[in-house]
Amino acid sequence: MDLQLAGKTVIVTGGASNIGRAIALGFAREGSNVVIADIDESQAQKVASQANALGGGGRTIVVRADVTSYQEVAAMVARAIDEFDHMHVLVNNVGWVLDSLFLDQPREDWEKAVNLNLWSVMNCMRAALPHMVENGYGRVVSISSEGGRVGEYREAVYAACKAGVIGLTKSLAREMGRYGITLNSVCPAVTIPRSEDEMGEHSLWKTMLQVFTPEMQEKAARLYPLRRLGTAEDTANAVLFLASDVANYITGQSLSVGGGFTMI
Ligand SMILES: NC(=O)c1ccc[n+]([C@@H]2O[C@H](COP(=O)([O-])OP(=O)(O)OC[C@H]3O[C@@H](n4cnc5c(N)ncnc54)[C@H](O)[C@@H]3O)[C@@H](O)[C@H]2O)c1
């Protein structure tokens, strides 16, 4: 199936690490122009080099942008358009979680979670959608989480934000459909980077790997009907599909990529 993503311009926030990295490489392989928007410039440059070496036909660049700042996000969109004339696809991938019980979490951690998981997505959508409306075309895919659909132990505020991403996506899908814009979300389950090389300095896995020991990973895999944890490519494939014109009659949906972990 030709996803017809060649020549499209795609912004991937948090594209330097793990899932975002796989998404950026996936679009590059399809021949898209990719803007990796991240605060980790050196890891982002590494991924951009890997993307450009794939020879897909597009070009991958890095734009340093903190997605919690509307000004930086607006500059990121402007830079993408300046560089590639148009911006067709926005992938909201940045997110963050600290595994702990709600009653033990200091307020600063809630604020960080809300900033990185919800404000970031609202900032990027607000900055990108006017351009898409003007063009009468756009695809927005936001990375939510299985936790956002069914809740998650020790991830209460994160799950609230991820449910918020689903609600925001559905609501904007209703507002934006008339302009040829689709918005969908993808909900991964546990997806651990294969190596240090695949994660950035700010990756949530720098701390989460203390919880997800190899024994814990084995135990967790048994909870999934498909009996394995997810890979970053599992999620990237779903994102590419939803961003493509093959999926042009799909909007406002949240797609679980979780080996059957949830089925709602
Ligand atoms: N990995 C999982 O198990 C899992 C499961 C469900 C949902 N998700 C969601 O998938 C997404 C990606 O997860 P991951 O595991 O690849 O994350 P990760 O922590 O490995 O990577 C996040 C990337 O975002 C960048 N980043 C952090 N703060 C930023 C900011 N303010 N502005 C710009 N960039 C910033 C980091 O530098 C890093 O490159 C997140 O939204 C996460 O919530 C992940």
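Select V12 to begin: V12 stands opposite V91 in β4. Before going on, note that this is a predicted model, where local features need pLDDT of at least 70, side-chain atom pairs count only at pLDDT 80 or more, and totals for chains, interfaces and linings use all residues. Numbering starts from 1 along each chain as its sequence is written. Strands (E, at least two residues) and helices (H or I, at least four) are DSSP runs, numbered from the N terminus.

Now show β4, residues 89-92, beside β1: the two run parallel, joined by 3 bridges. Strands count as paired if DSSP finds at least two bridges between them.

Next, pick β1 itself, residues 9-13. Buried or exposed? Here 5 of its 5 residues are buried, meaning 20 or more other C-beta atoms lie within 10 Å of a residue's own, with C-beta atoms placed from the backbone. T9, I11 and T13 point one way, while V10 and V12 point the other way.

Then click V10, whose bridge partner in β2 is V34.

Last stop, the ligand. Of the 29 residues around it, G14, S17, N18, G95 and S203 come nearest. Color α1 too, as the largest share of that shell, 3 residues, comes from α1.

Technical notes
Buried ≥ 20, exposed ≤ 12 C-beta atoms within 10 Å, placed from the backbone. Near = placed C-beta within 6 Å.
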